[in-house]
Amino acid sequence: MRLYDIESPDQIRSLTIPQLNALAEDIRHFLIHSISKTGGHLSSNLGIVETTIAMHYVFHGPQDKMIFDVGHQAYVHKILTGRSTLFPTLRQLDGLSGFQKRKESVYDCWEAGHSSTSLSAALGYAAARDILHQDYNVVALIGDGAITSGMSMEALNDIGAQKRKMIIIFNDNNMSISKNHGGMEKRITSIRSSRVYRNVKQDVKGSLDHNKFGTETLKFMTAFRDRLKKGLIDAPLFEEFNLDYMGPVNGHNIAELIKVFETAKEHDGPIVVHVRTKKGKGYSFAEQDTVGKWHGVSPFNIATGQSLMKLPPNEKSWSQIISDALIQLAKKDPKIVAITPAMAQGSKLMKFAKMFPDRFFDCGIAEQHAITMACGMSLGGLHPFVSVYSSFLQRAYDQMNHDLARMNLPVVVGIDRAGLVGDDGETHQGVFDIAMLRSIPNLILSQPKDAKEAYDLLYTAFTSGKPFCIRYPRGQAMVPETITFDSIPIGSWTKKQFGLQPKGIIIAYGPDVERIEHTVQENEYEMIVVNARFFKPIDEHLLTSLLNLNLPIYVFETDVTIGGLSSAILEFQNQYKNKIHILGISDHFVEHGSIRALRKKEHIDLESLFKEIDAHE
């Protein structure tokens, strides 16, 4: 069967096991060649080929709900549901999404771009099915990294409590949960998945469940089975959550997978199927990767494994710029430590980890934990730097607010991939962090326009003694020959005037500042260009002088405007013009007290309102 002929998973159910194995090899070959041209998530999809084929062989979408955690490993699912011809458009505007997308196919019942949502979503589907008296299977596939997150643990706890029928496919390509990998364990799984065992199990249950004696016998046999399982199969994680377990199963053996999935399909209540896979299977460079280099890739040469995206020798990625500066500061300050929630490779912290192994912490997919751990380190006397992608920082909003800012702790947060990131779509665009963080008291929020300013902001952050955030985009910038550090006044902006009589003012930030300056100069515009390198606090002194010029002001921001830089400027301008009077809680944390006393203290009681009105009559 040719890939381009597949329009529905129904077509693969007529294939023999050898034909399914051949299909798996075709899919693997197709993925390598297609992703080498477009870029995308490679290793995770190569590792899940046979498992996905077996899922679609046994379960019948779109009625059965198949949820892929994160969704970046759903490429095989897309191929089997008739979307192979769209792969040349992968992650391009109006093209095929790199994740599950509900508007793209009826087979995509869920969509996500961040990890650890699949189990909660699956339980939600199972509850809806049961309450509405419907009949379908709910299957969640989750990896060994995503299952360790707090949200996954919460979901497992509730799944074990509710005991609804659902299947969790645990894709284990790195971490070991089961300690016993001998013949007995494989034998138990083989027996459980045999048709004879399944039929006998159903017959015994049906025969014994009709009278008191039969019920007691069934209870005894069930207890005996559970003791046998506990003695022979070591799955402590799932056992603690009161979940039945099968495995481990070879995730590249389609025949074995089909048998096990058929057994799980007939199981009452929640069950975990533990499959072992090899990430990057079928492509040697990806198979040998131990640091995640081949997780998400740009276009590459298949024969050499070399990326086709080469940076000029005088340019580095923004992540590398920050990392290099961090290393230089860490050489001089033994208290500096680096923390990342599973983004060591993407945030370019591998060199730091090698140079300072005792001062580097990869805490896994746990953004909340990363921020609060950094707070504890700070209180203990260390100088923490946390590197986290902008779109992932959203998950740690409470910790940024409650733990970091409220206690006003000196932690530096590097907000990587800030602004538009492009190919990965809505879930990954880092356009909300300015608006999210500006309302939090005590936080300092900044962005450099070039590499030198990045060095200086990082140095300023460590010497400020305050919670200090530095955001930087995806992409690259020119770097100086040497790394030097200078302190920057917190909250300060800079400006450049082009022409003797400027006709307007452009306020921008980040790498766009230099691009704007170049365009203004090249086209001989008479303008003032402002580098608003701090979003909080803003430079009120410079802004006041700019407003006094009575020139048109153009705020150029590449993030959401609601709550962004323009909002900060408009808030200040309104206060400056003094035409609209605002009564509300200002930029600080409110301490304890009765509501009446607090309203009076914060001047948000009616007495304060009418006092303000009387003062301006």
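Colleague: Which strands does helix H11 (residues 254–266) lie across?

Modeller: This is a predicted model, and in it helix H11 lies across E4, E5 and E6, running at about 170° to E5.

Colleague: How should I read the sheet to which those strands belong, and in what order do its strands stand?

Modeller: As a general idea, strands of a sheet pair through backbone hydrogen bonds, either parallel or antiparallel. Here the sheet is an open one of 5 strands, whose order is E2-E3-E4-E6-E5 and whose pairing is parallel.

Colleague: Which strands stand at the edges?

Modeller: Strand E2 (65–68) and strand E5 (244–250) take those places, and because each has a single partner strand, one side of each is left without a neighbour in the sheet. On average, and with direction ignored, neighbouring strands of this sheet are turned by 20° against each other.

Colleague: How many bridges join E2 to strand E3 (residues 138–143), and which residue of E3 is the bridge partner of Met 66?

Modeller: E2 and E3 pair in the parallel sense over 4 bridges, and the partner of Met 66 in E3 is Val 139. Helix H3 (residues 49–58) also packs on the sheet, where it touches E2, E3, strand E4 (166–172) and strand E6 (270–276), and the direction of H3 makes about 165° with that of E2.

Colleague: What does the side chain of Arg 129 reach at 2.9 Å?

Modeller: That side chain reaches the backbone oxygen of Tyr 136 at 2.9 Å, while a polar contact of 2.9 Å joins the side chains of Arg 129 and Asp 130. Leaving aside neighbours within four places in sequence, the residues in contact with Arg 129 include Gln 134, Asn 137, Val 138 and Lys 165.

Colleague: How many residues make up the largest nonpolar core, and which have the most contacts inside it?

Modeller: The largest nonpolar core has 77 residues, and Leu 437 and Trp 493 are those with the most contacts inside it. Helix H13 (residues 318–332) gives the most to this core, with 8 residues. Apart from this core lies another, of 51 residues, among them Leu 80, Ile 169, Met 246 and Ala 286.

Colleague: Which residues does Leu 437 touch?

Modeller: Not counting residues up to four places away in sequence, Leu 437 touches Leu 393, Met 400, Ile 415, Leu 443, Leu 445 and Cys 469.

How values were computed:
Residues numbered from 1 in each chain as written. Predicted model: local features only at pLDDT ≥ 70, side-chain atom pairs only at ≥ 80, totals over all residues. Heavy atoms only, no water. Core = buried A, V, L, I, M, F, W, Y, C linked by side-chain atoms within 4.5 Å. Buried < 20%, exposed > 50% of the residue type's maximum accessible area, 1.4 Å probe, protein only. Helix = DSSP H or I, 4+ residues; strand = E, 2+ residues; numbered from the N terminus. Contact = heavy atoms within 4.5 Å. Polar contact = N/O pair within 3.5 Å; in protein donor to acceptor, adjacent residues only side chain to side chain. Pairing = 2+ DSSP bridges. Axes fitted to C-alpha atoms, helices over the stretch in contact; angles between N-to-C directions.
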